[in-house]
Amino acid sequence: MLTMGKQQVAAVMVALLLVFFVCEEEVYSFSQMRIGRYNKATTAKKSPFSLVWSSSSEMIMEDTTSSESKPDWRKCVYSIVPKSGALNLAVSQVANVTLDHANHLIEMGAVWAKMDSVTTEELLDQYSSSSSSSSASLQYGDYIPQSNEEDGDDLDAYIERMENQRFRRILSPTTVEAGTDLRIYPTPRRFTKPCEQFNSKTNKGRLLYQDTTFLIVDKPPMLPSQPDSSNYVEHCSACAQRYLGPFQTIEGEEVKPHPLLCHRVDTNVGGCVVLSKDTNGQRVFSKLQRERKVKKVYLALTNQPVPIGMHIHWMWAPLHSKRRQKMNDGGPPCQLVSHTPPSSRRSKRKSWIRCILEVVSCQPIQINSKEDGHDYHTNDDDDLQHYQSTVRLVTGRKHQVRAQLASLGAPIVRDTLYQPLAGITLDNTMLMEEEDDEQVGETILEDAIDRCVIPNQPIGLQAHAILFANVKAKAETPWWGNNLLP
């Protein structure tokens, strides 16, 4: 019979409370639990964690999800530190790794600590564009100021985001107090090859523009714009600093640890990314985005021609909550749009997000993987026709170009997240329900979503050019080449 002291009993109780609070890749959402919105299907699922005792009698939440359903880099371990001591020793024991590997995980930014209490300064830091914390060993990942161009958070997402900010990434060896919650990614996700494409010795064209405030770089596809939860050293800003820097501010000071990110570009998408040397540049760029004074041009590669002209579609805001829940359930983070405008102004204002883009041109293009001079090669049938479209982005929603082109029946090449949704929109599925069996439209939509998979290679989309405040930059030739046909 296992006996436990008071401290161990307390640890068990805390761990039980934390069973449902897991990182963004896991099954259950803290915010959903907090406001009591679990549905029967969700609560019926088996928790992907088990409670176990380590050799040091500490309580650990261990991920038990099968390796087939989740890659190793998405798995994380939670633990409550039983006694004060060196962080690397605690990580070594919890993650069952050597001390050298524990030190490596800390250097990579794969170890997070949760603050039991938040000071006024730390709370205000969560609303500012940079952290002014006096603790150099505990740092947030990069923060991007929210703008009107970004999708608005609902209450669930807001609560989850603020609670998650109580976890701080530990980036240097330190000591931890007893009772500290740790979150560890034993197998960090790596982006070594795309990061090395910033190497100035082999690719000087990656730095597109630089002045006293802003930098514009040509981000390689498959490199994240922001730090991954398990990797703080291989992302756009850090890799640009490593291979293209060091950079200096207008005062002549070296930019540390790396430039600040001004906007996001999907990991699978390459092209123009704006960085700032200081927080003032971040604020200026965010203001320009709110005022729609930032012009963005994309190149899109499809197997179907895209209709030329302005396309105005609507994303249903409540669906974003369902999408986030599906992500927590292990599903894909796809967006769905409607081609039919909302029936009322009130509905439009409260429940719909307008998406606008303009297709300026659409031309046939020949894909020649052996002669285009790029490392990436298309897996498409050589006999399949390809089209390159020039797209001017008017609004900046998450996955907007990918979702809108897929809804038009022309999904982007290699975009396995949206290819199953080709030609499917919210309004035509609702029309199916009205004209036929009410479950037909929902079944078609669910079947398509079940086939959506996050791409694991560069997709046929490039952030080709950007223009703001008399600054203009254009990316190099995309991975598929520029062999346009007459």
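Predicted model: local features only at pLDDT ≥ 70, side-chain atom pairs only at ≥ 80, totals over all residues.
Local features need pLDDT of at least 70 and side-chain atom pairs count only at pLDDT 80 or more, while totals for chains, interfaces and linings use all residues. Residues are numbered from 1 along each chain as its sequence is written, and side-chain values use heavy atoms, with hydrogens and water left out.

Start with two helices. Helices (H or I, at least four residues) and strands (E, at least two) are DSSP runs, numbered from the N terminus. Two packed helices are described by the angle between their axes and the distance between the axes. Helix α4 covers residues 87-95 and helix α5 covers residues 99-108. Their axes are 8 Å apart, and the angle is about 110°. Axes here are lines fitted to C-alpha atoms, for helices over the stretch in contact, and angles run from 0 to 180 degrees between N-to-C directions. The two helices are therefore roughly perpendicular to each other. That label covers 65 to 115 degrees; under 35 is roughly parallel, over 145 roughly antiparallel, and the rest oblique.

Which residues of α4 and α5 meet? From α4 come L87, N88, L89, V91 and S92. From α5 come L99, A102, N103, L105 and I106. Contact means heavy atoms within 4.5 Å. The residues of this contact divide into seven nonpolar, three polar and no charged. For this count, Ala, Val, Leu, Ile, Met, Phe, Trp, Tyr, Cys and Pro are nonpolar, Asp, Glu, Lys and Arg are charged, and the others, Gly among them, are polar.

Look again at α4. Its buried residues are L87, A90, V91, S92, V94 and A95. Buried means under 20% relative accessible area, exposed over 50%, and partly exposed in between (1.4 Å probe, protein chains only). N96 follows α4, and its phi is positive, near 55°. S172 sits in the loop between β7 (167-170) and β8 (175-176). At 25% relative accessibility, S172 is partly exposed.

Now turn to the cores. A nonpolar core is a set of buried Ala, Val, Leu, Ile, Met, Phe, Trp, Tyr and Cys residues joined through side-chain atoms within 4.5 Å. The largest has 33 residues, and F198, V217 and L461 touch the most other members. Several elements each supply at least two residues of this core, including β11 (214-219), α9 (236-244) and β19 (461-468). The largest share, four residues, comes from α9. A second, separate core has 23 residues, among them L87, A90, I106 and Y185. What does L461 touch, not counting residues up to four places away in sequence? The partners are V269, G270, Y298, L299, A300, V401, R402, I412 and W480.

Helix α9 also holds R242. With a relative accessible area of 42%, R242 is partly exposed. R242 touches C195, V233 and E234, leaving aside residues up to four places away in sequence. Its side chain reaches the backbone oxygen of V233 at 2.6 Å. Such a polar contact is a pair of N or O atoms within 3.5 Å; within protein, one must be able to donate a hydrogen and the other to accept it, and residues adjacent in sequence count only if both atoms are side-chain atoms.

T395 lies in the loop between β18 (386-393) and α13 (400-407). Is T395 buried or exposed? At 2% relative accessibility, T395 is buried. Its side chain reaches the backbone nitrogen of I356 at 2.9 Å. The side chains of T395 and Q400 are joined by another contact of 2.9 Å.

Last come the backbone exceptions. Most residues other than glycine have a negative phi, and most peptide bonds are trans. M222, in the loop between β11 and α9, has a positive phi near 75°. At 17% relative accessibility, M222 is buried. R292 has a positive phi of about 55° and is partly exposed at 34%. The loop between α9 and β12 (260-261) contains P246 and also P257. The peptide bond from G245 to P246 is cis, with omega near 5°. Another cis bond joins K256 and P257, with omega about -10°.
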